[in-house]
Amino acid sequence: MVDSPSLHNLKRRVSALESQRLTTRLSGVGTGHGGMDQALGGGLARGRLHELFAAEIGDASSVAGFAAMLARQLGGGIVWLREEQVERQGGALYAPGLAEIGIDPARLILGVLPDPLAVLRAAADVARCPEAGVAVIELWRKPRMLDLTASRRLVLSLESSGMTALMLRIAADPAPSAAYTRWLVRAAPARPLEANAPGPPALEVELLRQRGGTAGGTWQLEWDREQAIFRNRNEGATALSGAVVPLPVRRPAGSGDGAVRLRRSG
């Protein structure tokens, strides 16, 4: 883990991802789930802002997992921005959980900023850098500075650079924004495998809004780590109660677990 108090260090690391530059075309990235891709007109649009809401505060890990899965499908480097208070009180991103989803921690730069305003300022900078690939912007509650104007500015930068942003909204209610899609995410039980072992990570997602398209679809998804696609969780055995998507967030605990450390800036 590399610690630095400066936003300059975060910008420098973003620039270092130039070799992983994404295409700037605003195409859709197929999720692998037929119903969801059909509703999205072929897949999740690149170069756009997508809002991901946790249905309940207890679904924070599930919405983070969904963001990580989408980020893997979008490809390229990942810059994950979050508040220092969330990192301290809510738990750190958990490298083994991300690895279970299929993300190489070397692809991810973690930016821990002092407050929501700093998170949004860093997001505005990252949004102008196509080298970064995907920005995950994690915000809790309803920051005063996050309004329709702020989201429009972010969208303009994304459309210019081809960068894609996934904005996690936790303990917050939907409000007017310029987001291209808006999702509600809940935890879901995994299917049991042989010997009653838990199956692949699972969650339930609802498409609340899609600019210029239809909304209202709800799907129970299962994550295929090897293929990096979503499948229909309901195809197969009855769900095993209590087994949910592996947590990409770990609550504060002792550090003697041998976990791979994420590169951290901020």
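Predicted model: local features only at pLDDT ≥ 70, side-chain atom pairs only at ≥ 80, totals over all residues.

Reader: What makes the span of helix α3 close to the expected one?

Author: Helix α3 covers residues 60-74, which is 15 residues, and its first and last C-alpha atoms lie 21 Å apart. Residues are numbered from 1 along each chain as its sequence is written, and side-chain values use heavy atoms, with hydrogens and water left out.

Reader: How do you know what counts as a helix here?

Author: Helices are DSSP runs of H or I with at least four residues, strands are runs of E with at least two, and both are numbered from the N terminus. The protein chain has seven helices and 14 strands.

Reader: Why is α3 called largely enclosed?

Author: Buried means under 20% relative accessible area, exposed over 50%, and partly exposed in between (1.4 Å probe, protein chains only). In α3, 14 of the 15 residues are buried, so the rest of the structure largely encloses this helix. Across the protein chain, 53% of the 266 residues count as buried.

Reader: What makes α6 and α7 roughly parallel?

Author: Two packed helices are described by the angle and the distance between their axes. Axes are lines fitted to C-alpha atoms, for helices over the stretch in contact, and angles run from 0 to 180 degrees between N-to-C directions. The axes of α6 (residues 116-127) and α7 (residues 148-161) come within 8 Å and cross at roughly 25°. Under 35 degrees counts as roughly parallel, over 145 as roughly antiparallel, 65 to 115 as roughly perpendicular and the rest as oblique, so α6 is roughly parallel to α7. Their crossing is left-handed, meaning the near helix is turned anticlockwise from the far one by less than a right angle.

Reader: Which residues meet between α6 and α7?

Author: A123, A124 and A127 in α6 meet L154, S157, L158 and S161 in α7, where contact means heavy atoms within 4.5 Å. By class, that contact has five nonpolar, two polar and no charged residues.

Reader: Is L156 buried or exposed, and how do you know?

Author: L156, in helix α7, has 58% relative accessibility, so it counts as exposed. Its C-alpha is 9.9 Å from that of A124, 32 residues away in sequence.

Reader: And what makes L49 buried or exposed?

Author: L49 is in strand β3 (residues 49-54). Its relative accessibility is 1%, so L49 counts as buried. Leaving aside residues up to four places away in sequence, L49 touches several others, including S151, L154, V155 and L158.

Reader: How are R141 and A228 classified by accessible area?

Author: R141 sits in the loop between β7 (134-140) and α7, and its 43% relative accessible area makes it partly exposed. A228 lies in the loop between β11 (218-224) and β12 (229-232), and at 17% it is buried. Most residues other than glycine have a negative phi. R141 has a positive phi of about 60°, and A228 has a positive phi of about 55°.

Note on methods: Expected span 1.5 Å × (residues − 1). Nonpolar A, V, L, I, M, F, W, Y, C, P; charged D, E, K, R; others polar.
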